[in-house]
Amino acid sequence: MRPIEERVDGARRGVELLRRVLAGSGVDPDRAEATRSGPDSPDSPDSPDSPDSPEPDDPLRHVVRLPPRPGRTADWPGWTPPELREAWAGRGIERLWAHQAEGAELVRSGADVVVATGTASGKSLVYQLPVLAGLVEDPRATALYLAPTKALAADQLRALDGIAPDGVRPASFDGDTPMEERDWIRRHCRWMFSNPDMLHRSLLPRHGRWSTFLRRLRYVVIDECHTYRGVFGSHVALVLRRLLRVAARYGARPTIVLASATVARPAGFASRLTGRDVVAVTDDGSPHAGRTVAFWEPPLLSEITGDNGAPVRRSAGAEASRMLADLVLERARTLAFVRSRRAAELTSLGARRALAEVAPELPERVAAYRGGYLPEERRALEGALMSGELLGVATTNALELGVDISGLDAVVLAGFPGTRASFWQQAGRAGRASDEALVVLVARDDPLDTYLVHHPQMVIGAPVETCVLNPVNPYVLAPQLACAAAELPLTTVDVEEVFGGAPAVEVLDALVADGVLRRRPHGWFWPDTGDAPAGQVDIRGSGLGQVAVVEAATGRMLGTVDGGSAPGTVHAGAVYLHRGESYVVDELDLDGGVALVHPEEPDWRTEAQSVSEVSVRAVIASRRHGPVQVCFGETTVTSQVVAFRRRAPDGTVLDRTPLDLPPQSLDTRSVWYTIDPEALADAGIDDARLPGSLHAAEHAAIGLLPLFAICDRWDIGGLSTALHPDTGLPTVFVHDGHPGGAGLAERGHAVPARWLAATRAAVRDCECRAGCPSCVQSPKCGNGNNPLDKAGAVQVLDLVLAALAEDGDPDARAAADTEA
């Protein structure tokens, strides 16, 4: 991307909409004209010499104008069947965008390809064209499309209506497909739209019944592949290896086409996911509308305090609801992205109430959109939004992936969605060719959000995050190898070339010792017990089993949660959401694997608090930097949920309730650093301040790691101590929350200076005096966020970064130069 300062341009529509939002907040609308370029530019609002610096209570932190970009077109390939070209022409597609032509040619040549271009750039056509052309040319060939959600697969299948020739017979194969239709699909369908779960649980264990389809398999499409990360992504990577291995058994070597939002190093990520060498197409040739991007920090509330008297900000949801109403008053078609189904309903309701007071004709033109709606309800809402009948929609990320909604006037994001890729996916829903759109990022009371609204260059112009996955995680590899052996006996060639070599051998030896598999001279075999292991392996779970959530009065099972996360999510008193309905947990029976709930719509939410201990089992990597040592290794985390708090919608803590739940042990991976006591003393941190300083630095580091590895702060945890028994020194740990690790701590270890420099900036720049949820307080801290020393955390991080810089770390030196 070009630097921010080169982007200041664009039409007036986005600015005018921002003026309306500012007026609705009681802020001078002329502030919308003060286009800024971020903290490193001369006109930065963080500069004391800037005439346009926002006041502390001014919620508008930055405005960045992104100019429109024209498209670059290309001719249809000569091999395009005339009927396909005519069908697309009937939809107004006379020529291809440049990246579509490039990608389609690569796929046609047999290369495995990942297309990583922007939202609404036409990635689908990159695989639709060569796949349909291949199926037309070879009337026996088949193709498989995989999406992370059933809804996305259904949307992509609908996109082929009127495009796919009659002989292709595309069909959906997922958990909702009636049994009587599955036989027809297996015999007649030539392009099957499914998901990794069905591949894992149904097709591969019964591959003999699918032999004709697999023998003719020419293409495998993996859509929105950036969603396959962490433990889920590691499972999917191995499911794909199982698919390719079984297909090879039938003589097929399909070409793989992956589509993704922009991700860092897409070719490398796609190669780790598929086990193949993959070529990346990243030069986006589609046109982009101009956008005004505003960074918004809700003001502090004087009448409410949080833990230990800390200040609390107005909620991002309340701000988004008001902005949605303001924009609808301007007749601007607007999406407000929120974090939960309940929040979607509440944001929509708040906007409707506000509109009813000033424009009674408008409330009916605002709605909520979320998972749990019937397909026909979703289609009706999508159509109403596209036609302009609906002006405002509050939505979860259900409208982020796959659904063809674009060309809107404005997008409001109530909280950073977790990744830059998701940010641009959501922001990309706004913008027409001729009119500039408005995008507003409203910060939640969270260290990462606070950091980003003060440092817009970390969103605009910054590279997107790295997707992390670990296919040799033994907790993932073991069940997947059992599944693979049940499908076809595993050979030494399979183990070496498909499943990772030495780590797989070690896992197989353990499976043999446990009696799960049998070793024979020619490989490893699944005992013929009649039960395939795939049905017992949850590829979206933690590997710690499942807890069923059951409505006590009726015995109806609502869903399941991972055994590892159950104490924190379905403890007694917790609020549990299912398909938009709210329930409160009456009882959690971990031994029986069941949580009993009753329906209730409380006007509060719950958050669990836990305490933990970390022990070091093995150090994988270690680097000494003067008085600081940074390590990565295998650890055992013993954690216990000890209480939960109820919070009102405005964030007020209503009460704290102790819980008596057993501790849980987790073998995972961690990154940690130690500091010599003498260096801490020299920095002015005495023994009395040390625990609070390390504790605050730990909380903030957990909050900022998602900036560098695609994850949520709830996917990771941490521990800080003034004297750790395994290191003998003051130590700060940050660990993965999944068995065996999901690659998150490893990512932190790879970029410690960048990560900790951002952490320091988030703490230092926060306006609070002694620490708040925007910098060093954590909602899941079992110690009630005590002790915390905000100033001490900055001193600790300064010390660590100085040591890294002195030892030659370029990222740490860059951070030091920025400070200077």
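In which helix does Asp494 lie? Asp494 lies in helix H17, which covers residues 492-497. The model is a predicted one.

**Asp494**

Asp494 has a relative accessible area of 14%, so Asp494 counts as buried. Neighbours within four places in sequence are left aside here. Beyond them, Asp494 is in contact with Arg245, Pro489 and Phe499.

**Helix packing**

Two packed helices are described by the angle between their axes and the distance between the axes. Helix H7 (residues 196-203) packs against helix H9 (residues 230-249). The angle is about 50° and the axes are 10 Å apart. H7 is therefore oblique to H9. The crossing of H7 and H9 is left-handed. On the H7 side, Pro196, Leu199 and His200 make the contact. On the H9 side, Val236, Val239, Arg242 and Leu243 make the contact. Five residues of this H7–H9 contact are nonpolar, one is polar and one is charged.

**Cysteines**

How many disulfides does the structure hold? The structure holds zero disulfides. Cys775 is in no disulfide. The nearest cysteine sulfur to that of Cys775 belongs to Cys768, 3.6 Å away. Cys775 is buried, with a relative accessible area of 0%. Cys189 is also buried, at 4% relative accessibility.

**Buried residues**

| Residue | Relative accessible area | Class |
|---|---|---|
| Asp494 | 14% | buried |
| Cys189 | 4% | buried |
| Cys775 | 0% | buried |

Definitions and conventions: Residues are numbered from 1 along each chain as its sequence is written. This is a predicted model: local features need pLDDT of at least 70, side-chain atom pairs count only at pLDDT 80 or more; totals for chains, interfaces and linings use all residues. Side-chain values use heavy atoms; hydrogens and water are left out. Axes are lines fitted to C-alpha atoms, for helices over the stretch in contact, and angles run from 0 to 180 degrees between N-to-C directions. Helices (H or I, at least four residues) and strands (E, at least two) are DSSP runs, numbered from the N terminus. Angles under 35 degrees count as roughly parallel, over 145 as roughly antiparallel, 65 to 115 as roughly perpendicular and the rest as oblique. A crossing is left-handed if the near helix is turned anticlockwise from the far one by less than a right angle, and right-handed if clockwise. Contact means heavy atoms within 4.5 Å. Ala, Val, Leu, Ile, Met, Phe, Trp, Tyr, Cys and Pro count as nonpolar, Asp, Glu, Lys and Arg as charged, and the others, Gly among them, as polar. A disulfide is a pair of cysteine sulfur atoms within 2.5 Å. Buried means under 20% relative accessible area, exposed over 50%, partly exposed in between (1.4 Å probe, protein chains only).
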